[in-house]
Amino acid sequence: SQDQQQEPYDPLFLPLTKLGAKTRDQQFLCIVGQVLSLGWLKYKTFEVSLQDVNAIVALLLPSLACRCIDNNDLLSLQEILMDINAGDYDGNTVMHRACEKGRTDMVKYLLSIGAACQLINRFGCTPLHLAIRNKHFDVIKILIVEGATVSLNPVRVGMELIKAVLTKDCQLLQAWYLAGANMNQGDYNGQTALHAAVEKREKNMVSKLLEYGATPENRNMWGRTAEDEARQKNLHDIVVLFNQLYFL
């Protein structure tokens, strides 16, 4: 009833998107300042404008939306009204976070409402790169269908492939393959993942690379191919794998 005293206003229990521009928004900003330990915001005493409120809320919403992804909370994500392609302080969008976490259903939902899959965060990563790094095969396949491509510097791709070989990470190698990476890409010395696999005498990795389309004819900056290295090291089993390519 009207005679009942209204409960004290506590902005922590109201959705950010429903706060609006009201005098009490200054109290909300002070609480945000306390939570974030921002002295300049906590002790702000002058009147806060609608523009200030909207700007601060806009900066907070991407982080809150990413938190919904972390919690696999699609319902809360749908309630946050924001630019779906807005990034947090690191430039990560909700699509970045969904791909990083492997949230297949959320990735599909975000794509259905216009989320971009080629945006780059401040570390130079796209959502596809994060899906590759975390070996989320289903997410990678969805992004490829939507037109996502490996947009990293080619030399960096070569280095990532070599890293997968050196760590004997077959799943990571498969993730790069599913994403359409050039499996013959070399590093700054022209060394390919196949060169690295031969150097480490990793027959299994050599077999996987050949299965994914790598070829032993690529030369490094010293003019040597992976096959040259295998023959020099008398790696008969690996040479046999290379020879089989010519009889397919």
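Contact is defined here as heavy atoms within 4.5 Å. Helices (H or I, at least four residues) and strands (E, at least two) are DSSP runs, numbered from the N terminus. The model is a predicted one, in which local features need pLDDT of at least 70 and side-chain atom pairs count only at pLDDT 80 or more, whereas totals for chains, interfaces and linings use all residues. Residues are numbered from 1 along each chain as its sequence is written, and side-chain values use heavy atoms, with hydrogens and water left out.

The chain comprises 14 helices and zero strands, giving the pattern α-α-α-α-α-α-α-α-α-α-α-α-α-α along the sequence. Of its 248 residues, 42% count as buried, where buried means under 20% relative accessible area, exposed over 50% and partly exposed in between (1.4 Å probe, protein chains only). The accessible surface of the chain amounts to about 14,100 Å², and carbon and sulfur atoms account for 50% of this surface; accessible areas come from the Shrake-Rupley method with a 1.4 Å probe, and for residues only the protein chains shown count as cover. When contacts between residues at least 6 apart in sequence are considered, 61% join residues at least 24 apart.

Helix 8 spans residues 137–145, and its buried residues are Phe137, Val139, Ile140, Ile142 and Leu143. These buried residues pack against helix 5 (94–101), helix 6 (104–112), helix 7 (127–133) and helix 10. Just after helix 8, Gly147 adopts a positive phi of about 100°.

In helix 14 (residues 236–245), the buried residues are Ile238, Val239, Leu241 and Phe242. Viewed down the axis of helix 14, they fall within an arc of 155° and so line one face of the helix; the arc is that of the directions from the helix axis to the C-beta atoms. An α-helix has 3.6 residues a turn, so residues three or four places apart point the same way. The packing partners of the buried residues of helix 14 are helix 11 (193–199), helix 12 (203–211) and helix 13 (226–232).

Tyr177 counts as partly exposed because its relative accessibility is 37%, whereas Tyr212, at 10%, counts as buried.

Met159 is located in helix 9 (residues 154–166) and, at 41% relative accessibility, counts as partly exposed. Residues up to four places away in sequence aside, Met159 touches Asp187 and Tyr188. Met159 and Thr192 are 33 residues apart in sequence, with a C-alpha to C-alpha separation of 8.1 Å.

Zero disulfides are present in the structure, a disulfide being a pair of cysteine sulfur atoms within 2.5 Å. For Cys66, which is in no disulfide, the nearest cysteine sulfur is that of Cys68, 9.0 Å away; Cys66 counts as buried at 1% relative accessibility. Cys99 is likewise in no disulfide, and the nearest cysteine sulfur belongs to Cys117, 8.0 Å away. Cys99 is buried, with a relative accessible area of 0%.
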